[in-house]
Amino acid sequence: TAQGNYIHPFVSGARLEAGYKISFRELGMDYNYTTYNHNTGKYEEEVMLKNHYDYKEQIYAVYGIYGNSWKKLRYQAGLRYEQVYNQSKVEQTGISYTNPYYSFYPSLHTQYDLGKQRELQFSYSRRVDRPSPRELNPYIDYSDSLNIRKGNPALQPEYTNSLELGVLKYWDKTSLTSNIFFRNTTGLIEDITVLDTTGISYTMPQNIN
């Protein structure tokens, strides 16, 4: 991971911040199965059930934040742009998967002085929750013959928009905050299970509405 930040304060009290972040990740996941042979008294490797999964991910991000105040209002607005490249491969099949994506992530935080040691606060932000390499791995797990699981290389990230409104009241030694908030997530990742006519269940993570 490499990152850099620059902060520039203005004489007026405003503040400008900018930065970048680059992240590289590479990992391998191995699945090995053995079965006990009662005739030989040894555990024998199940070659057909083995799996080796390679996952590579690159994330490039830049951001800017500007903060200032106007009369009784203080505010901070930011924007982050992120580009993600990923590639994975199942060694046993030789099949590779790619799923690049990019997005903007705005944010806004405001504070307004209501007087009498009270403050009105409002914030908005957009966040991302990426699927894990385990969820992306298309390998079929037969370790439980009645409950079969597999990953989904076509999974997309979850995106959450958050709004929050609150009132903060100060006293000499204490304070009280009351908040209401709204959060909406698109592309929510959930494990979906389907039961076939033979009684075997198949589970795979999917993006749902």
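These legends walk through several close-up views of a predicted model.

Residues are numbered from 1 along each chain as its sequence is written. Because the model is predicted, local features need pLDDT of at least 70 and side-chain atom pairs count only at pLDDT 80 or more, while totals for chains, interfaces and linings use all residues; side-chain values use heavy atoms, with hydrogens and water left out.

**View A. The largest nonpolar core brings together ten residues.**
Look here for Met-29, Tyr-31, Tyr-33, Tyr-53, Tyr-55, Val-90, Leu-136, Tyr-139, Leu-155 and Ile-189. A nonpolar core is a set of buried Ala, Val, Leu, Ile, Met, Phe, Trp, Tyr and Cys residues joined through side-chain atoms within 4.5 Å; buried means under 20% relative accessible area, exposed over 50%, and partly exposed in between (1.4 Å probe, protein chains only). Strand E2 (15-31) and strand E5 (51-70) are the elements that give two or more residues to this core. Helices (H or I, at least four residues) and strands (E, at least two) are DSSP runs, numbered from the N terminus. A second, separate core has five residues, including Ile-59, Val-84, Tyr-105 and Tyr-159.

**View B. Tyr-53 and its contacts.**
Contact means heavy atoms within 4.5 Å. Not counting residues up to four places away in sequence, Tyr-53 touches Leu-27, Gly-28, Met-29, Ser-88, Lys-89, Val-90, Pro-133, Leu-136, Asn-137 and Pro-138.

**View C. Strands E1 and E2 form a hairpin.**
Strand E1 (residues 2-9) pairs with E2 in the antiparallel sense over eight bridges; two strands pair if DSSP finds at least two bridges between them.

On a 1 Å grid over the protein atoms alone, a pocket is an open set of points with protein on both sides within 12 Å along at least five of seven lines, a cavity is a set of points where a 1.4 Å probe fits but cannot get out, and lining residues have an atom within 4 Å of a point. Grid points are joined across faces, edges and corners, and a volume is the space filled by probe spheres set on the points. Gln-3 and Lys-21 are among the lining residues, as is Ser-23. E5 gives the largest share of this lining, four residues. Ser-23 sits in strand E2 and is buried, with a relative accessible area of 19%. Leaving aside neighbours within four places in sequence, Ser-23 is in contact with Thr-1, Glu-57, Gln-58 and Ile-59.

**View E. The largest pocket has a volume of about 240 Å³.**
Of its 13 lining residues, Tyr-31, Arg-134, Arg-149, Lys-150 and Gly-151 lie nearest the centre. Helix H1 (133-136), strand E11 (147-150) and strand E15 (201-208) each give two or more residues to the lining, with the largest share, three residues, coming from E15. The lining has four nonpolar, three polar and six charged residues; Ala, Val, Leu, Ile, Met, Phe, Trp, Tyr, Cys and Pro count as nonpolar, Asp, Glu, Lys and Arg as charged, and the others, Gly among them, as polar.

**View F. The largest cavity holds about 110 Å³ of space.**
The structure holds one cavity of 30 Å³ or more. Among the 15 residues lining the largest cavity, Tyr-55, Asn-86, Asn-99, Leu-136 and Pro-153 lie nearest its centre.
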